[in-house]
Amino acid sequence: MSELVFEDVSVRYGSRRGGLTAVDGVNLTVPSGQVVGLVGESGSGKSTLARSAVGLAPLTAGRVLLDGTDVRRWPGRRRPLQMVFQDPYSSLDPRMTIGASISEAMPMPRTGVRFAGRRAAARRAEVARLLELVNLDPDRADMLPGHLSGGQRQRVALARALAGRPRVVIADEITSALDVSVQGAVLNLVRDVRRQLGLSMLFVSHNLAVVRYLSDIVAVMYLGRIVEAGPTEQVLSDPQHPYTRELLSAAPSWHTPLFEGSRDFEGSDAEPSDPHRPPAGCRYHPRCALGPRARPDRDVCRTADPARDAERRPHRAACHFAGEDYFAGEDLAGEDDDRQEPSALASRAPEAGRLSPTSPEDHKRPGAGRSSPSSAEQPARPGADRPTPPTGGPTPPKGART
Ligand SMILES: Nc1ncnc2c1ncn2[C@@H]1O[C@H](COP(=O)(O)OP(=O)(O)OP(=O)(O)O)[C@@H](O)[C@H]1O
Ligand code: SF4
Ligand SMILES: [Mg+2]
């Protein structure tokens, strides 16, 4: 178990004139053994922040620390951070068997050539163990990725990430590209594996319901910055930043099963700001239903950056009025009766239910015959902890963005 800390991290793409700062001075901690869910609309910088931790997006400023050590100076060959990507079709080499792909990601043991045979056997055993861990039949090790469904490929991608024995896993929209029928099963798997191995995890998603299902802490990102962060249930039941509230208002109504009505964040009617030229003052002010757009007396939102003293506010909210009763008596622009109070989303107990897959797709592995169609993607291994989801429980989220 390890703690991952983003310390004043900035990432800028492109030249000084034409470029944009995709991540701007982000401070975020993924505590040891916990899941931090990173949410925000498309283009807010979630993937860039995630990729900065594994060196795929070069830092312009700041540091990423793992247990106090800069990850760029991590000693040894083993990479302590592993990333799982959105697209299971492009993250695996189509010419390599899945066993070889997983094996390739294992740290090389320090044994001599004369132990090569023993080493190969140990690798095969480890591949089998990892495939079992992600609920795939070890006999599949010799298959090519092309013979697997999307959900199964994503399981292999997870096994490959775990093969490196990481301290922290970074998962970027890992269910977004999957068929809706298998998203829930993959999320359940991630939840199980994380608990089993005690991993720390940064889980990136544009879907608040998914993040809520998995995360201990939620961080909300807008235009390159974290605008609110805190324990998931606290943030969802008592959001301090109007943007978080906007995200919540776009979540399904109280009467809709948790994932069924989930939709991508739509934001307010106002256009998203140009990331090349972020607004002065509060970056959210051109869209904010509680800022100067609706309340001319709140001119401070245009002139002073609330990120500067966010640390002292509840949930580190980057809003001048966080912690005040500024929601009282206010009508959110565009909010209709069908939209729920934030507390409605938060009050649905995540621990009670597990996501219920709805179709047998992606469950074509040997042993699957033991499962009924409605239990598709559930593990066939005896003893696996898979309580039946409560009747009427949540169905998987709505899937990929357009
Ligand atoms: N390689 C790149 N070169 C230039 N700009 C980039 C690059 N990658 C991302 N950007 C820009 O950086 C900003 C943040 O992008 P990023 O992909 O991190 O957002 P995101 O929150 O992950 O979005 P999504 O939900 O669509 O995945 C966007 O304005 C994007 O266009
Ligand atoms: S600082 Fe002003 S514009 Fe920004 S989120 Fe708060 S109320 Fe809205
Ligand atoms: Mg992204």
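Tutor: A residue is buried if 20 or more other C-beta atoms lie within 10 Å of its own, exposed if 12 or fewer do, and partly exposed in between, with the C-beta atoms placed from the backbone. This is a predicted model, in which local features need pLDDT of at least 70 and side-chain atom pairs count only at pLDDT 80 or more, while totals for chains, interfaces and linings use all residues. Residues are numbered from 1 along each chain as its sequence is written, and chains are lettered from A and ligands numbered from 1 in the order in which they are written.

Student: Why does Ser-52 count as buried?

Tutor: Ser-52 has 25 C-beta neighbours inside 10 Å, and therefore counts as buried. The residue lies in helix H1, where a helix is a DSSP run of H or I with at least four residues and a strand is a run of E with at least two, numbered from the N terminus. Leaving aside neighbours within four places in sequence, Ser-52 is in contact (C-beta atoms, placed from the backbone, within 7 Å) with Val-9, Val-11, Val-23, Ala-57, Leu-59 and Val-64.

Student: What makes helix H4 mostly covered?

Tutor: In H4, 13 of the 14 residues are buried. Just after this helix, Arg-165 takes a positive phi of about 50°.

Student: What makes S8 a partner of strand S3 and of strand S7?

Tutor: Strands pair if DSSP finds at least two bridges between them. S3 (residues 35-39) is joined to S8 by four bridges and runs parallel to it, with Val-35 and Met-201 as bridge partners. S7 (residues 168-172) pairs with S8 in the parallel sense over five bridges, among them the one between Ala-171 and Phe-203.

Student: Why are S2 and S5 called edge strands?

Tutor: In the open sheet of four strands, ordered S2-S1-S4-S5 with antiparallel pairing, S2 and S5 (69-70) each pair on one side only. S5 pairs with S4 (residues 61-66) over two bridges, and Leu-66 stands opposite Thr-69.

Student: What makes a residue part of the shell around ligand 1, and which elements contribute two or more residues?

Tutor: The C-beta atom, placed from the backbone, must lie within 6 Å of the ligand. Of the 14 residues around ligand 1, Tyr-13, Ala-22, Ser-42, Ser-47 and Thr-48 come nearest, and the elements giving two or more are strand S2 (20-30) and helix H1 (46-53). The largest share, three residues, comes from H1.

Student: Which residues are closest to ligand 2?

Tutor: Ligand 2 is surrounded by 14 residues, the closest being Cys-282, Cys-288, Gly-291, Cys-301 and Cys-319.

Terms used. Two residues are in contact if their C-beta atoms, placed from the backbone, lie within 7 Å.
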